[in-house]
Amino acid sequence: MRAFDATPAGDLLAEFETQEVALFIDLVQQIIGLLERVKEGEADVEPTVLARLFPDAYTDDPSAADEFRRFTLDDLIDRKVENARGVLASFDVAQARRTADGEVRLVRLDREHAMYWLGTLTDLRLVLATSLGIATVSDEGAVETPDAEYVESLYDWFGFAQGSLLEALEEVEGIGGS
Amino acid sequence: MPQLDHRLDLAESLTVGTPWNTVVWDDPVNLMTYVSWVFRSYFGFSSARAEELMLQVHTSGSAVVATGPKEEMERHVVAMHGYGLLSTLAKVPQ
């Protein structure tokens, strides 16, 4: 992947290798699947993931927190799914370019799609961090699982993508230098 | 004749409920630049204010980012959850 950069026209442009695109799309589709299962009330979703994606709104009143979650869950899920679909849409329209090493995809985002990306990259990182045991300050951290190293590399990769997108966005919005 | 020894606090009786705080909590996942961006784009804070609050979240573990009526603070908390931040609401300590 080549990091996001601001174009003179004010878009955000990044380059992904074909395998990266396939991996990214697969994970985004998995997030959509997960969110849809939560919305349908299916109980097979890891409680720690739920607790991090839909956190308590009240620290010392569990019943108020539960009630709040009941009222807000559907809208939050819809918003997260909308973000994820926005990310998939930007891959759909990404131009292909041949390079010496093979084919790459040029992902070009306007501000609206950049917001979809920021949201989905956050959700992906939250889910990955939960499986690594590093999602909250009180987590013990470093869960030893066979694929922890792979999950961590994805977590870092999405962090890199999000960091570069924010930097490019600040450049477009003229915030970086102020 | 009205009770003269009873003082009525009009300001208190006319205020609808106590004000609430929207609190954002530190978490090890979200990038500092992302948290600042959320504060700028959702609350419309200046870069300097957003940066200040983000650093307060990061170093003190939490920061009050808004104060007001409960319903309004609930909307802020949902929005923060939408952005993936850890956020709660609590009555302003009296």
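Which residue takes a positive phi just after helix 2 of chain B? That residue is B:Gly44, with a phi of about 75°. Helices here are DSSP runs of H or I with at least four residues, strands are E runs of at least two, and both are numbered from the N terminus.

Before we go further, a word on conventions. This is a predicted model, in which local features need pLDDT of at least 70 and side-chain atom pairs count only at pLDDT 80 or more, while totals for chains, interfaces and linings use all residues. Residues are numbered from 1 along each chain as its sequence is written, and chains are lettered from A and ligands numbered from 1 in the order in which they are written.

Let us start with chain B. Its four helices and three strands follow the pattern α-β-α-α-β-α-β along the sequence. Among contacts in chain B with a separation of 6 or more, 69% join residues 24 or more positions apart.

Back to helix 2 of chain B. This helix has 12 residues and reaches 16 Å from its first C-alpha to its last, close to the expected 16 Å, where the expectation is 1.5 Å times one less than the number of residues. Its buried residues are B:Tyr34, B:Val35, B:Ser36, B:Trp37, B:Val38 and B:Phe39. Their cover includes helix 4 and helix 5 (148-173) of chain A, along with helix 3 (47-60) and strand 2 (62-68) of chain B.

The strands of chain B form an open, antiparallel sheet of three in the order 2-1-3; strands count as paired if DSSP finds at least two bridges between them. Strand 2 and strand 3 of chain B each have a single partner strand, so one side of each is left without a neighbour in the sheet. Strand 1 (residues 20-25) and strand 2 of chain B are joined by six bridges, and B:Val24 has B:Ala63 as its bridge partner. Helix 3 of chain B packs on this sheet, touching strand 1 and strand 2, and its direction makes about 130° with that of strand 2 of chain B. Such angles run from 0 to 180 degrees between N-to-C directions, using lines fitted to C-alpha atoms, for helices over the stretch in contact.

Chain A has an open antiparallel sheet of four strands, ordered 1-2-4-3. At its edges are strand 1 (2-6) and strand 3 (95-99) of chain A. Helix 5 of chain A lies across strand 1 and strand 2 (12-17) of chain A, at about 15° to strand 1.

How do the chains meet? In all, 19 residues of chain B are in contact with 26 residues of chain A. Helix 4 of chain B gives the largest share of its chain's side, four residues.

Finally, the largest nonpolar core has 53 residues, and A:Leu165 and B:Val24 have the most contacts inside it. Such a core is a set of buried Ala, Val, Leu, Ile, Met, Phe, Trp, Tyr and Cys residues joined through C-beta atoms within 7 Å. Helix 4 (residues 111-132) of chain A gives the most to this core, nine residues.

Methods
Two residues are in contact if their C-beta atoms, placed from the backbone, lie within 7 Å. A residue is buried if 20 or more other C-beta atoms lie within 10 Å of its own, exposed if 12 or fewer, and partly exposed in between; C-beta atoms are placed from the backbone.
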